[in-house]
Amino acid sequence: MDIKQLERQVREITELQDSIRQTSTYCSTFPEHSGMVAFIIENEFISARKERKKLYLFLIHQIILDEKHAKRMDHPYVKCFGQKLKKLIMDYAYQVDEIEDLEKAYAVIRRWEKDLIYHPIFLDKLRSILQPKYDQLKYQQMIVNQINQNELASNKILVQNLQIIQQFDSTYKLYIHLKSLRDIDDKCLDFNTNFDKYMMKCELEKIEDYDMIDDLLEQGETSKTYLSENICSTQNHYLDLARLGEQLIKEDFQKKDNKIEYYKSKRPIS
C-alpha cells in the first residue's frame, strides 16, 4: 500500500459518490493494513472543517459495506473503526450545526443496525452521543419557525428575536446537561441491578461469569466518564450564564444612561 497515495486520496475526497467509492475500493484492497487506514482517516476526520466531516463518515461507511460484501471472516475494518467510532461521533456532534448532517449520521447508524455490523447496544451509545445536539438544533428550528409563522413586521424585529433565542440557548444547553445527569443516574441504577443479579448468580450457581464482570466494569467506567464530562460541562454553562447576565446588566445601564442624557438635552434652559 502506498501511504502517500492513500493520504492524498483521503485528503482530496469530494462529495461525488465516485470519489468516495474509489477511495474505499483502494482501502479495501489492503485489509492487512486496516489499522493504518483507520488511523489516517481518523486524523483527517478530526482535523476536517465541519462541512467536510460527513464525507469521512460516508467513507468509513463505504469501507465497512465493501468489507461486508467481500465476506471476510475476520472483519478487520469493522474492528478497527469500531474502536474509533465513539471518539469520531463525539467530534461530529460537537462540530456540525446542521440538522441534515446529524440526520445523515443517524441514517448511517440505522444501516449498520440493519446489516448487523455492530451490536445494538453499541449503536444506541452512538445515537445517545448525537441526541443532545439534535434536540438543541430541533428546538432552535422550532423557535425560528414560530417566529416566521407570526409574520414579524420587520427584519429588525426578527434580528432582535434571534438574539433572544441565542441568549436563552445557554439555558437550554444547561437543561440538556441536567437531562444527561438524569440519564447517568438511570445507568447507575441499571449497574446496581446487574451487579445484584451477578451476586445472586454467584451465590446460587457458584459460577463466576467473567463476561458479565467485563460488562459491569464497562458500565461502571462509562457512567464515571459521562458523569465527569457532564459535571465539567454544567459548570461551564453556569459560567456562561453568569457572563451573559453581566453583559445584560451592563447593556441595561447603558440604555438608562442614554435616556437620562436625552432628557437632559430636552430640558428647557433656565
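**Reading the features of a predicted model**

Visitor: Let us begin with a cysteine: is Cys80 buried or exposed?

Guide: Cys80 is buried, at a relative accessible area of 16%. The term buried stands for under 20% relative accessible area, exposed for over 50%, and partly exposed for what lies in between, with a 1.4 Å probe and protein chains only. Cys27 is buried as well, with a relative accessible area of 0%. The structure has zero disulfides, a disulfide being a pair of cysteine sulfur atoms within 2.5 Å.

Visitor: On what basis should these values be read?

Guide: The model is predicted, so local features need pLDDT of at least 70 and side-chain atom pairs count only at pLDDT 80 or more, while totals for chains, interfaces and linings use all residues. Residues are numbered from 1 along each chain as its sequence is written, and side-chain values use heavy atoms, with hydrogens and water left out.

Visitor: How many helices and strands does the chain have?

Guide: Helices (H or I, at least four residues) and strands (E, at least two) are DSSP runs, numbered from the N terminus. The chain holds 10 helices and zero strands, and from the N terminus its elements read α-α-α-α-α-α-α-α-α-α. Of its 270 residues, 34% count as buried. Contact means heavy atoms within 4.5 Å; among contacts between residues at least 6 apart in sequence, 72% join residues at least 24 apart.

Visitor: What span should the 18 residues of helix H4 have?

Guide: The expected span of a helix is 1.5 Å times one less than its number of residues. For helix H4 (residues 53-70) this gives 26 Å, and the end C-alpha atoms are 26 Å apart, in agreement. Because 14 of its 18 residues are buried, H4 is largely enclosed by the rest of the structure. Helix H3 (residues 34-47) can be checked likewise: its 14 residues should span 20 Å, and its end C-alpha atoms are 20 Å apart, which agrees.

Visitor: Which residues of H3 are buried, and against what do they pack?

Guide: The buried residues of H3 are Ser34, Val37, Ala38, Ile40, Ile41, Glu42, Glu44 and Phe45. Their packing partners are helix H1 (3-11), helix H2 (17-28), H4, H5 and helix H6 (85-95).

Visitor: What does Phe58 touch?

Guide: Phe58 belongs to helix H4 and, at 25% relative accessibility, counts as partly exposed. Not counting residues up to four places away in sequence, Phe58 touches Ile20, Lys104 and Val108. Phe58 and Glu15 are 43 residues apart in sequence, yet 9.3 Å apart in space, C-alpha to C-alpha.

Visitor: Where is Val78 placed?

Guide: Val78 is in helix H5 and counts as buried at 13% relative accessibility. With residues up to four places away in sequence left out, Val78 touches Ile64, Glu67, Ile117 and Tyr118. From Val78 to Ala38 there are 40 residues in sequence and 9.9 Å in space, C-alpha to C-alpha.

Visitor: Which residues lie nearest the centre of the second largest pocket?

Guide: Rolling a probe the size of a water molecule over the atoms shows where empty space is left. On a 1 Å grid over the protein atoms alone, a pocket is an open set of points where a 1.4 Å probe fits, with protein on both sides within 12 Å along at least five of seven lines; lining residues have an atom within 4 Å of a point. The second largest pocket has 13 lining residues, and Ile121, Lys125, Lys187, Glu218 and Gln219 lie nearest its centre. Helix H8 (120-149), helix H9 (155-205) and helix H10 (210-266) each give two or more residues to this lining.
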